[in-house]
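Student: I am new to this structure and would like to go through parts of it. Could we begin with a term that will be needed later?

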Amino acid sequence: MEKNKVEINQNTTEKEYSILNLGPTHPATHGIFQNVLKMDGEIIVDAEPTIGYIHRAFEKIAERKPFYQLTVLTDRLNYCSSPINNMGWHMTVEKLIKAEIPKRAEYLRIIIMELSRIADHIICNTVIAVDTGAMTGFLYLFQWRELIYEIFEEICGARLTTNIGRIGGVERDFSPKAWEKINYFMKEFPAHFKEFSNLVERNRIFMDRTIKCGPISAEMALNYGFTGPNLRAAGVDYDVRVTNPYSAYKDFEFTIPVGTNGDTYDRFMVRQEEMWQSYSIIQQAIKNMPDGAFHADLPEFYLPPKEEVYNNMEALIYHFKIVMGENKIPAGEVYHAVEGGNGELGFYLISDGGRTPYRLHFRRPCFIYYQAYPEMIKGTMLSDAILTMSSMNVIAGELDA
């Protein structure tokens, strides 16, 4: 029997249980979702999750909006790493229209996506530390997430919901200021991240609180449809970047960290190592950055420069047609997935040749693996349920869509 779990005897009619609402607005949930817990003292006997508190009907909205305008919906899925969502959607459309993307644009995308992954994992792992009582690492490491947001702001003008990139590539090449910030991050981040690692990874209190807390087996994780760090922590080395490479990931060397027990500590350590791997990928992208265009030659999808719109009638026409969705889209059915911060983020797109998608389904990893949460916390203490939720990194925006 796992540590912190107890045998639950539900056969007795004399025992009285209490009902506890964990959420929907409790700080420990880190989002707007609810768990109705049946408690025997501090032991969880049963759990019933409730979702939908911030459901915004994205898939229905997508049926009414032109392809170009849907990027802003993807921002609001996993808003801790929204550029990955943006790029995933753009690649889905590019797959439908069979666009050839310049190598430089793919490398620039990879830098943005891996910075996003680091930012996402910083949030998850520092919050796990906070939930065990270690606030210092959270406050200390967040300055590097802040710097990543400053890089995004320099690239696209936004920090959190970025709307970054375009169908066909990126909106503009990185400015000298953006490169300056990226180079500063690459120089300074390793030493500070090592300090956080030294503070937490082998800390006896942290290890006692997280090892064998909320475990899930590889078989159960696969049965529930787990992907991403939560699946790799259970020992399954599935990563979309390797299994089905996209955006020139096949040009890069990196390893897939895996755990053994699928518990909170393994989920934490997998994300720790993934940050180092993302750092290495960014290093390789900077070192081997190709020359050439930063976007494909797609005038039907790529907004012309503003100065041309003001002075050239053809550019003005293209600008209007792109924004209003008046360009022809081929009919077809495609699925494209990227390795998001929480796992396989997929876009299933059906086009009937109209100005809007006939059907668009978002495969949100949070929505899929959150199903397993009640089973993972039954028989555990309430405090361990909080840690388990933190280590799964359930993001409400991605959960509900």
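Tutor: Contact here means heavy atoms within 4.5 Å. Please also bear in mind that this is a predicted model.

Student: With that in mind, what is N393 in contact with, leaving aside its neighbours within four places in sequence?

Tutor: N393 is in contact with D120, C124, R271, N342, C366 and Y369.

Student: Is N393 buried or exposed?

Tutor: N393 counts as buried because its relative accessibility is 7%, and the cut-off for buried is under 20%.

Student: Where is N393 found?

Tutor: N393 lies in the loop between α16 and α17 (396-400). This residue follows α16 and has a positive phi, near 60°.

Student: How many residues of α16 are buried?

Tutor: Nine of the 11 residues of helix α16 (residues 382-392) are buried, and the helix is mostly covered. Among the buried residues are D384, L387 and M392.

Student: Now to the sheet. What is the order of its three strands?

Tutor: The order is β4-β5-β6, in an open sheet with antiparallel pairing. β4 (332-340) and β6 (359-363) each have a single partner strand, so one side of each is left without a neighbour in the sheet. On average, neighbouring strands of this sheet are turned by 10° against each other, direction ignored.

Student: How many bridges join β5 to β6?

Tutor: Five bridges join β5 (residues 343-351) to β6. I350 stands opposite R359 in β6.

Student: Which helix lies across β4, β5 and β6?

Tutor: That is helix α3 (residues 82-97), which runs at about 150° to β4.

Note on methods
Residues are numbered from 1 along each chain as its sequence is written. This is a predicted model: local features need pLDDT of at least 70, side-chain atom pairs count only at pLDDT 80 or more; totals for chains, interfaces and linings use all residues. Side-chain values use heavy atoms; hydrogens and water are left out. Two strands pair if DSSP finds at least two bridges between them. Helices (H or I, at least four residues) and strands (E, at least two) are DSSP runs, numbered from the N terminus. Axes are lines fitted to C-alpha atoms, for helices over the stretch in contact, and angles run from 0 to 180 degrees between N-to-C directions. Buried means under 20% relative accessible area, exposed over 50%, partly exposed in between (1.4 Å probe, protein chains only).
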